[in-house]
Amino acid sequence: MKYSVIFLFLTTFVYAQKRVSNTDVSNFWKAYDLVQKSNDSLKQMEIINTEYLEKASPALKTLIKMDTMKVSDYVRSINKMPKRWNKVREQTLKIAQQDYDIEKLYTSFKKIYPSFHSPQISFVIGTFNRGGTTTREFILIGTEVVALTSLSDSELKLSTEYNIAHELVHVQQDYINGVNNEEEYHDLDLLGWALMEGSCDFIAEKLLGKLPHIEYMDYGRQHEEQLWSEFKKDMYRYDTDQWMYNGSSSKDKPADLAYFIGYTICKSYYDKAADKKAALKEIININYSKKEHHTFFKKAGYMK
Ligand SMILES: [Zn+2]
């Protein structure tokens, strides 16, 4: 009896440990140092291949496939942007090795959403192309992108936990909508995209008790009415460029303001609901491929 309890404890422990994989980050820097010792780009490619890509975690393998990332992309990026790589090095290791309470996060999620699917979380290194993405099995954190923002250790922890919590909601959405990644959402209007992203922020806040400092949230709260009067003209359109994923083009305002709008509509839905637990489930459960977000929006009773 005693032994089986210990065995159970050990398997649970090992299982919990496997929820997070960070070996890709340390493998990358070993490969990076070896690449520095050579001027021959063919040799450099061979190093990245054998020391990083061939040792990839299952999640990184998926990312390589999704992005059709090639070994030559890494070598080009390393040779072209040594300053940028040096700048993020220490921070990527910190992010990947910090102690995150993933079990607590998963348990809290299961409480509000019993059919919760548990993905594996992987800290990986790409070529500065994306900060995070999901498949139905994995949450991938593009550690080198996250590391570009300088933050204190505690801010970094909250910000990474927020990233994980936000992406966890996407994984549940992907199951409901039967898709493998965000690119597979066809025919989704701006309102749908805003709610899909904003609901992740809303649930992340509920799970963590607070959100990290996010520019679009601050700006959104200060300019809510003005933003809404602009957003409602665009919300049934299919063009999202002015409102989200616009980090490189947005100049006079913070990017991704549609996330704030989606968040605040979810908040309105939740505040009005008599049954809060049911409301959280409904927010996660919106089936965007069946256009359920239109009914959800009407029920939320957000500003006219
Ligand atoms: Zn998202």
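Which residues are buried in helix α3 (residues 41–53)? In this predicted model, the buried residues of α3 are Q44, I47, I48, Y52 and L53.

## Packing of α2 against α3

Two packed helices are described by the angle between their axes and the distance between the axes. For α2 and α3, the angle is about 160° and the axes are 9 Å apart. Because angles over 145 degrees count as roughly antiparallel, α2 is roughly antiparallel to α3. The crossing of the two helices, α2 and α3, is right-handed.

On the α2 side, the contact is made by N27, F28, K30, A31, L34 and V35. On the α3 side, these residues meet Q44, I47, I48, E51 and Y52. Among the α3 residues in this contact, Q44, I47, I48 and Y52 are also buried.

## The sheet

Four strands form an open sheet in the order β1-β2-β4-β3, and the pairing is mixed. Its edge strands, β1 (20–21) and β3 (132–134), each pair on one side only.

The pairing of β1 with β2 (residues 120–124) is parallel and runs over two bridges. Within it, V20 stands opposite I121 of β2.

## α4 on the sheet

Helix α4 packs on the sheet and touches β1, β2 and β4 (138–142). The direction of α4 makes about 65° with that of β2.

How values were computed: Residues numbered from 1 in each chain as written. Predicted model: local features only at pLDDT ≥ 70, side-chain atom pairs only at ≥ 80, totals over all residues. Buried ≥ 20, exposed ≤ 12 C-beta atoms within 10 Å, placed from the backbone. Pairing = 2+ DSSP bridges. Contact = placed C-beta atoms within 7 Å. Axes fitted to C-alpha atoms, helices over the stretch in contact; angles between N-to-C directions. Parallel < 35°, antiparallel > 145°, perpendicular 65-115°, else oblique. Left-handed = near helix turned anticlockwise from the far one by under 90°.
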